[in-house]
Amino acid sequence: MATAAVVAATLPTSAANAQPSADDALKKYNELSEQASKLNQDHLKAQDDLAAKQAELDKAKNDLSEAQKAEESLRGQVDLLTEATYSGARFNQISALLVSDSQQDFLNRMSAINILAADNADALKRLTDAVEQADTATKTANDATEASKKLLAEIDQKKADLDKQLSEAQAQYRSLSAAVRSQMAQVGDTSNISVPAGTAGAALQFALNQIGKPYVYGSNGPNSWDCSSLIQAAYRSAGVSIGRTSYAQAAAGRSVSRGEVKAGDIIVYYSSQSHVAMAVDGIRAVHASTEGVPVKIADIDSIGPISVIRRIEG
């Protein structure tokens, strides 16, 4: 979460009750916004988890359907073989010998008996496997269903927590002076930036093209962004798929050190990994900061304490 430049002024004070300074008010807003950013990422992650669990549930249901079809088919085959064995084809070596007209007829009957027995055994084995697969698929589907229910409840709770935190942050924002809010809303560096060739350069160019657009919690663009949706969309425009949340982006690509940072690197901030930016070069980064602050360029180290730096290309 970027820390906006603080206007060197204080709010009015009275002898009876000293009001907080502009510095304190802005600091409080930044703290509330950082907490809201983490809750926003938690909420997005829970949605991703639910989508993954739903895909698992859909697969389990399909597996169950296929297993049940196989079980039904094989059970019918076993029933037919069993019926043949006990009605008119009570094959065993003695009965085959008694009804045979010749040695060759006996051998032919024995061959048929062996084939029927082998088919029956194979069908029984496959039926047993199908029943076991159906049982496993049923358990998997039931587990996935229960997990989905829990995730839905978790999403509802995280959304409620996020809404509460956003209300506090927005109330704090409204308490800021017009001068501070005006300072926060400034776009900042809009100089022409030369981007490198390749995937990282294409992603960076996309991010730079978003400068000036507003930050909105949970937004996926194209007219507004949150921190991680901007980074995801930037790399998607360059043909690379990365996760939606800052948590997922903290594991994308490979790790590089602060001294190795170059254009296009993903910089994840805070121990909670709740904020993310993209390096413009070794000094600056572009990011969607917080509500009231547009997408803009800032000094890499001013944004917050760096958790990890990830390189998608190279």
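Student: Okay, so among contacts between residues at least 6 apart in sequence, what share joins residues at least 24 apart?
Tutor: In this predicted model, the share is 68%.

Student: And how many helices and strands are there?
Tutor: The protein has seven helices and six strands. Reading from the N terminus, the order is α-α-α-α-α-α-α-β-β-β-β-β-β.

Student: How much of the protein is buried?
Tutor: Of its 314 residues, 39% count as buried. The accessible surface is about 16,200 Å², and carbon and sulfur atoms account for 53% of that.

Student: Let's talk about the sheet. What order do the strands take?
Tutor: They go β1-β6-β2-β3-β4-β5 in an open sheet of six strands, with antiparallel pairing. The edges are β1 (254–255) and β5, each of which pairs on one side only.

Student: How many bridges join β4 to β5?
Tutor: Four, and the two strands run antiparallel. To pick out a residue, Arg284 has Asp299 in β5 as its bridge partner.

Student: Which strands does α5 touch when it packs on the sheet?
Tutor: α5 touches β3, β4 and β5, and its direction makes about 115° with that of β3. Helix α6 packs on the sheet too, touching β2, β3 and β4, with its direction at about 40° to that of β3.

Student: Back to α5, then. Which of its residues are buried?
Tutor: In α5, residues 199–209, they are Ala200, Gly201, Ala203, Leu204, Ala207 and Leu208. Viewed down the axis of α5, these buried residues fall within an arc of 160°, so they line one face of the helix.

Student: Why would spacing like that put residues on one face?
Tutor: An α-helix has 3.6 residues a turn, so residues three or four places apart point the same way.

Student: Nice. And what do the buried residues of α5 pack against?
Tutor: Their partners are α6 (227–237), β3 (275–279), β4 (284–287) and β5 (296–299).

Student: Which residues touch the most other members of the largest nonpolar core?
Tutor: That core has 32 residues, and the ones touching the most other members are Leu204, Leu208, Tyr235, Ile266, Met278, Val280 and Val286. Elements giving two or more residues to this core are α1 (22–86), α3 (103–175), α5, α6, β2 (266–269) and β3. Helix α6 gives the most, with six residues.

Student: What does Val280 touch?
Tutor: Leaving out residues up to four places away in sequence, Val280 touches Ile193, Leu204, Leu208, Ala263, Ala285, Val286 and Ile297.

Student: How far is Ser177 from Ala22 in sequence and in space?
Tutor: Ser177 and Ala22 are 155 residues apart in sequence, and their C-alpha atoms are 7.3 Å apart in space.

Terms used:
Residues are numbered from 1 along each chain as its sequence is written. This is a predicted model: local features need pLDDT of at least 70, side-chain atom pairs count only at pLDDT 80 or more; totals for chains, interfaces and linings use all residues. Side-chain values use heavy atoms; hydrogens and water are left out. Buried means under 20% relative accessible area, exposed over 50%, partly exposed in between (1.4 Å probe, protein chains only). Contact means heavy atoms within 4.5 Å. Accessible areas come from the Shrake-Rupley method with a 1.4 Å probe; for residues, only the protein chains shown count as cover. The arc is that of the directions from the helix axis to the C-beta atoms. A nonpolar core is a set of buried Ala, Val, Leu, Ile, Met, Phe, Trp, Tyr and Cys residues joined through side-chain atoms within 4.5 Å. Two strands pair if DSSP finds at least two bridges between them. Axes are lines fitted to C-alpha atoms, for helices over the stretch in contact, and angles run from 0 to 180 degrees between N-to-C directions.
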